[in-house]
Each structure stands twice: as structure tokens, then as C-alpha cells.
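Subject: A structure for you to explore

Hello,

Here is the structure I promised to pass on to you. Please open it and have a look around before you read my notes below.

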Amino acid sequence: MLPVIALVGRPNVGKSTLFNRMTKSRDALVADMPGVTRDRKYGEGQIGEQAYIVIDTGGITGDEQGIDHEMAQQSLQAIEEADVIFFMVDGRAGLMPADSMIAEHLRRTEKRVYLVVNKTDGLDPDIAMSDFHTVGMGEPLPIAAAHNRGVTVLTEECLSSFEDVDMPFDGRDDSVRIAIVGRPNVGKSTLVNRLLGEDRVIVFDEAGTTRDSIYIPYERDGQAYTLIDTAGVRRRKNIKEVVEKFSIIKTLQAIKDANVVVLVIDARQGLSDQDLHMLGFVLETGRALVIALNKWDGMTDEDKKEVKEQIHRRLGFAEFARFHFISALYGSGVGEMYASINEAYESAMAKWATHRLTLLLEDIVADHQPPQVAGRRIKLRYAHQGGSNPPIIVVHGNRTEHLPESYKRYLKNKFIKVLRIHGTPVRFEFKTGE
Ligand code: GDP
Ligand code: GDP
């Protein structure tokens with residue numbers, strides 16, 4: 001599990017600026033919890049070996065009505081999802097009443113809070129800090145986010161306490177880990193129950209916060225599976241009891257921790273931006289993927305046609321995934337998903353010998369040679385596997401940096417076809433060495 005840091009403070013103290021610094025070139029991963037003035041943004045960053053997630057929020061003004069109320073709600077939700085809070089204040093503006101109000105709220109959380117004083121560039125540090133000692137949130141830490149001053153030190157200091165955390169399922173068994181993810185109300189809980197089938201369930205009662213998914217190990221036709229349940233079905237005594245709070249962090253971590261992701265989409269609602277954001281994240285992590293269009297029962301032929309067209313138009317970039325049109329409620333189509341899940345898992349985890357990949361490369365090249373560039377032919381010599389889940393195929397040769405995209409595409413398609421890879425993305429790397 002990655003440590004999660006929430007940036008909280010008044011508007012304009014520099015939260016977005018710090019967010020951008022901490023996530024560098026990587027954009028927000030899943031920026032889709034709509035707030036009125038600004039969305040809650042989630043990004044990933046890394047220092048050395050340690051990766052982390054940052055949440056940016058709209059801000060708390062201390063006058064929480066209307067739009068401000070919405071914004072404050074976003075911040076409160078972020079605080080709930082985080083391990084650590086960076087409480088940001090503005091060193092130039094000095095201590096404001098809203099800061100004190102936020103501090104009041106933060107004192108009630110059990111999370112670790114760092115008091116971060118931003119915009120200290122060009123200020124006398126002692127004077128800039130003196131105001132903030134009275135807040136009673138520990139030693140104020142000076143930074144200048146816009147000038148990238150103090151940011152790394154602050155982040156390192158905060159992360160140092162996380163270094164030795166055990167990854168709960170990192171010992172990794174040989175079960176197929178399936179994450180069931182999707183927006184609220186698409187039918188995840190209903191599907192989890194269907195996939196498990198009540199009689200087969202070994203109930204795995206795990207207490208935890210709303211941020212953690214539940215891991216349910218079970219067996220089906222001799223194969224071991226672990227279902228990663230983001231909907232929290234097993235935590236509730238009965239599905240209707242409480243609706244689990246939807247958490248982006250939980251979804252992101254479930255995806256990372258899975259071999260195969262089942263993305264559930266409500267076919268009656270059609271594709272939403274949030275579905276696409278989640279899909280984008282699955283693709284970025286390279287997990288194997290099965291897409292379930294749920295609530296297919298009772299839809300008119302016309303609506304079904306419309307949904308299929310929409311998928312065809314907008315999901316071309318996830319063409320490697322199998323699509324299933326199901327009814328979690330009535331069970332139709334659900335059993336068939338296992339074939340796709342298994343197939344995706346096998347492809348994602350397959351191991352190919354260097355010898356085999358190299359022979360295949362030779363065949364592919366013999367069929368169709370790489371083009372000449374500046375009068376010299378690009379030579380592709382051998383291929384080996386560089387990783388699994390997603391599979392990585394590394395092709396070695398000379399001047400591979402000149403390989404045209406069209407040739408790379410040709411090569412990829414051939415590999416995927418001959419190796420019968422289904423349900424997982426494949427990454428190709430081209431190396432030059434002479
Ligand atoms: P947010 O509303 O809290 O997300 O604040 P922003 O990140 O949008 O920043 C508000 C303003 O403060 C912008 O004009 C930034 O350029 C400015 N700002 C942010 N960090 C610094 C800093 O370290 N020094 C100075 N002088 N200005 C900063
Ligand atoms: P979750 O929030 O994603 O876990 O969604 P739930 O499983 O709680 O389902 C949300 C609502 O959709 C419930 O009222 C379900 O009964 C209903 N639902 C789930 N699957 C189906 C389905 O296949 N068809 C229909 N018609 N309703 C469904």
C-alpha cells in the first residue's frame with residue numbers, strides 16, 4: 001500500500017503548486033471527484049524507491065456555505081483517505097482565522113499532521129515562522145513550492161516513517177488476484193456475491209478502515225483466487241445494510257494489487273468520464289483487464305446497440321480486453337467471465353524463453369524486414385522477456401531508435417498473435433547495443 005498524503009489548507013496557499021511539484025511530470029491519475037469549484041486530484045510521486053499518492057483539495061475558507069461548503073467537503077474526504085496531512089499555510093499572509101479553524105479540525109484527527117509554511121521565498125525565516133508556532137501543530141516547516149525549495153526534504157521526512165511497512169499481500173501466493181472496481185452503484189457488490197457463489201465462500205472477516213479493500217480467498221474448479229472487493233460486501237452483514245463509501249484510493253490500490261482487474265460499468269448509464277479515468281489508470285498500471293457491462297437485463301435492443309456502438313467508438317484503446325455483457329442481479333453471463341479472467345491471467349503471467357522469442361523475432365523479420373534508414377538497414381538480433389503482469393518483451397538490435405512506429409506496430413501485433421496473448425497489455429522495449 002502506498003502512503004497517502006493529503007494537502008489541506010485555505011485556497012491560494014499553494015496546494016496545487018506543491019501538488020505539481022510532488023507529482024512532477026506525472027499528471028493527476030484519477031481527477032474525477034467533482035467538486036463545485038475544483039475537483040479532488042490524485043497524483044502519484046516518487047522519491048528514491050518510495051512511491052506515494054498525493055491528494056490535492058480545493059481548500060477550506062472558514063466560511064463554509066454554498067460553494068465553500070462543497071470545497072470543504074472535498075477536503076474532509078481527503079483527510080479521511082490520507083495517512084498524513086500537509087496542513088499548508090501562507091508565510092506571506094501570516095496566520096489567518098481560517099487557518100486556526102482548520103487547525104481546530106485537524107486536531108481531532110488521529111492522522112499525522114505537518115504544518116507546512118509556504119511562500120517563504122525572500123522572507124526572513126524566523127519572522128515568517130514565528131506567527132505559526134501559536135497554531136499548536138508542531139514545528140512549522142518552511143517551503144517555497146513555486147521554487148521547489150524544501151519540498152524534497154519535507155516529503156522525505158514524512159515518508160521515512162513508512163519505509164518498513166509490510167505490503168499485506170506482497171508475500172504473494174499463487175492465487176489469481178481479481179480486483180472488482182467501478183463507480184458507485186454499478187453493481188460491484190452484487191457481482192462479488194455472484195462470482196463467489198455463497199456456498200463456496202470462505203468468509204474472510206477482516207476489520208479495516210473504509211480505505212482498505214477486503215481480500216477474499218476462495219477456490220473454483222481447482223484454481224485458487226483472491227477476490228479484492230472494493231465494495232466491501234464482506235464487511236457488511238447484508239448488502240443493503242450500509243452503502244460502503246466509494247474511495248478512489250481504495251480503487252487505485254486494489255488495481256495495483258491485482259493480477260486481473262474487472263472493471264464494472266453500468267450499461268444503462270453508458271460510459272462516464274469516471275469509467276474512462278479508471279480505465280486509464282488500469283492501462284497505466286498494465287494490469288490484465290476484463291470489462292463487465294452490467295445491468296444488461298431488461299435493456300431494449302436499441303439501447304444495447306447504442307451501448308455497443310459507444311464502446312466501439314470510445315474504448316478502442318482497450319481493445320485487448322474481453323467485454324462481457326452481464327446481469328449481476330440475475331447471474332446471466334457471470335460464469336463465463338471466469339474463462340476471460342483465467343485467460344488474461346495466463347497471458348499476463350506467461351513465461352517465454354529467450355530462445356523462443358528470438359526464433360519468433362527472426363521469423364517476423366524474415367517475413368518483413370525493417371526499412372532502411374539513411375541507407376543502412378536496422379538489424380533486430382534477439383528478444384527476451386523483461387517482466388510479467390504486464391508482459392514486457394525487450395527487442396535488441398542496432399539503431400532501433402530509428403524503427404518507425406508502423407514497423408513497431410507490425411512487430412507487436414505478430415508477437416501478440418503468435419504468443420496468443422489475450423486480456424493483458426504488452427509492453428515492448430527496443431534496445432540498441434553494438
Ligand atoms: P491553491 O489554491 O492552494 O492550490 O494555491 P495555488 O497553488 O494555486 O497557488 C496560489 C498562488 O500562490 C499562485 O499564484 C502561486 O503562483 C503562488 N505560489 C505558490 N507557491 C508559492 C511560493 O512558494 N512562493 C510564492 N511567492 N508564491 C507561490
Ligand atoms: P455497487 O455500489 O457497485 O456495489 O453496486 P450494488 O451491487 O450495490 O448495486 C447497486 C444497485 O444496482 C442495486 O440496487 C442492485 O440491485 C442493482 N443491480 C446490480 N446489478 C444489477 C443488474 O445486473 N441488473 C439490474 N437490473 N440491477 C442491478
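Below is what I found, going from the whole protein to the ligands and then to one residue.

A word on reading it: this is a predicted model, in which local features need pLDDT of at least 70 and side-chain atom pairs count only at pLDDT 80 or more, while totals for chains, interfaces and linings use all residues. Residues are numbered from 1 along each chain as its sequence is written, and chains are lettered from A and ligands numbered from 1 in the order in which they are written.

**The whole protein**

The protein averages a pLDDT (the predictor's confidence in each residue, from 0 to 100) of 84, and 84% of the residues score at least 70. For the model as a whole, ipTM is 0.71 and pTM is 0.72.

Of the 434 residues, 40% are buried. Buried means that 20 or more other C-beta atoms lie within 10 Å of the residue's own; exposed means 12 or fewer, and partly exposed is in between, with C-beta atoms placed from the backbone.

Please take care with residues 165–171, where pLDDT stays under 50, and with residues 236–242, where pLDDT also stays under 50. Where pLDDT is low, the predicted coordinates should not be read in detail.

**The two ligands**

A residue counts as near a ligand if its C-beta atom, placed from the backbone, lies within 6 Å of it. Around ligand 1 there are 15 residues, and G14, K15, S16, T17 and A146 come nearest. Helix α1 (residues 15–23) gives the most to this shell, with three residues.

Ligand 2 is surrounded by 16 residues, the closest being G187, K188, S189, T190 and L329. Here helix α6 (residues 188–196) gives the most, again three residues.

**One residue to look up**

Is R183 buried or exposed? R183 counts as buried because it has 20 C-beta neighbours inside 10 Å. Leaving aside residues up to four places away in sequence, R183 touches S272, Q274 and D275; such a contact means that the C-beta atoms, placed from the backbone, lie within 7 Å. R183 and K295 are 112 residues apart in sequence and 14 Å apart in space, C-alpha to C-alpha.

Enjoy exploring!

How values were computed. Helix = DSSP H or I, 4+ residues; strand = E, 2+ residues; numbered from the N terminus. Contact = placed C-beta atoms within 7 Å.
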